[in-house]
Amino acid sequence: MTFRGVREATRHPGYPAVCDAGHEAGLRLGLVTDGTRLGRPDTAECVASTHTWVRVALPAGTEAAFRAAATAPGRTTLASLLDDVGDLRQSAIDPDFRIGFHYVISERDPGDILAAARAARAAGAHYIRFDTGRHGGPPGVAPALRQAALLADDAFEVRLPRPAAAPEGASDDDGRRARFDRCHYSRFTVAVDAAGRLFPCPQVSHDPRYDLGDVVADGWPDVLDGAARAAWDATEPPATAACGSCFYRPQNELLDLLLGGRVALDDALAAYADEVPSTPHADFL
């Protein structure tokens, strides 16, 4: 379940109370953050005692580029952000705790990519995730990404973006179009915006075309099993505006194969366990 607001989540005065309640109820909590408040004692204590994973936006890999790129209020230096991440890794209570960085590739010097990976590893992060964004990123960054990938080892993961180009002989759309009949993933992940409106997933939250109802006013059961949700479940994702480039396409395609009987669950899990004996992202997978 994803809660999404308009700005940085940890700036909300009720954030620690919400996290304490969720943790006490047995939920495993994750945070996507700009990192500006991770060094504050109240935020650091909350995250260390209740969270399972944290993903921090990393705008740049050097101090100079960091100062030029940083737009979030309260952000100070790259060094302080890296220190905060390292401190949280050491102080987190959950034995499965994972913290890492999300770096969106832009028109900056490609050398910043390698600098960002080195900084993330030196900070003690579990991973750095490179993303080209919705528009595929600038050309000419492949060599820098290959260099960054060489920094990966058993304790540090470097996740590279999926290729933006389609396979030879295929159209660009073929490489990114949804290939599943129903949105299975929305049955176990949902997004609630700051006004209490329910959406099928984080990708389409804030888009009124995907609004499924008000869970605050009407309650979870009525909204989850209501007419709007039933209509959504009956739709064919490729025919809807934002689903052709589904963020959860691999999961949806696998679930389609499993539920259609084309793949046996035990075989799929056994093959996965054999090929990938351990991963920093077990909760996501």
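Exposed means over 50% relative accessible area. All views show a predicted model.

**View 1. The protein as a whole.** The secondary structure comprises 11 helices and nine strands. The protein has 285 residues, and 39% of them are buried. Consider the contacts between residues at least 6 apart in sequence: 65% of these join residues at least 24 apart.

**View 2. R7 in a loop.** R7 lies in the loop that runs between β1 (2-3) and α1 (15-24). Its relative accessibility is 73%, so R7 counts as exposed. D34 sits 27 residues away from R7 along the chain. The C-alpha atoms of R7 and D34 are 9.6 Å apart.

View 3. Helix α2 covers residues 41-50. Buried residues in this helix are T43, C46, V47, A48 and T50.

**View 4. The largest nonpolar core.** This core holds 42 residues. Those touching the most other members are V56, L58, F101, Y103, I113, I128 and F130. Helix α5 (residues 111-123) gives the most to this core, contributing seven residues. A second, separate core has 18 residues, among them L198, V204, V215 and Y248.

**View 5. The surroundings of F130.** F130 is one of the residues that touch the most other members of the largest nonpolar core. Leaving aside residues up to four places away in sequence, F130 touches Y103, I105, I113, A117, L145, A148, V158, R159, L160 and P161.

**View 6. Helix α5 against helix α6.** Helix α6 spans residues 142-149. The two helices pack at an angle of about 15°, and their axes are 8 Å apart. Angles under 35 degrees count as roughly parallel, which makes α5 roughly parallel to α6. The crossing of α5 and α6 is right-handed. On the α5 side, I113, L114 and A117 make the contact. On the α6 side, the contact residues are A144, L145, Q147 and A148. By class, the contact has six nonpolar residues and one polar residue. No charged residues take part. An α-helix has 3.6 residues a turn, so residues three or four places apart point the same way. F130 touches I113 and A117, as well as L145 and A148.

Methods: Residues numbered from 1 in each chain as written. Predicted model: local features only at pLDDT ≥ 70, side-chain atom pairs only at ≥ 80, totals over all residues. Heavy atoms only, no water. Helix = DSSP H or I, 4+ residues; strand = E, 2+ residues; numbered from the N terminus. Buried < 20%, exposed > 50% of the residue type's maximum accessible area, 1.4 Å probe, protein only. Core = buried A, V, L, I, M, F, W, Y, C linked by side-chain atoms within 4.5 Å. Contact = heavy atoms within 4.5 Å. Axes fitted to C-alpha atoms, helices over the stretch in contact; angles between N-to-C directions. Parallel < 35°, antiparallel > 145°, perpendicular 65-115°, else oblique. Left-handed = near helix turned anticlockwise from the far one by under 90°. Nonpolar A, V, L, I, M, F, W, Y, C, P; charged D, E, K, R; others polar.
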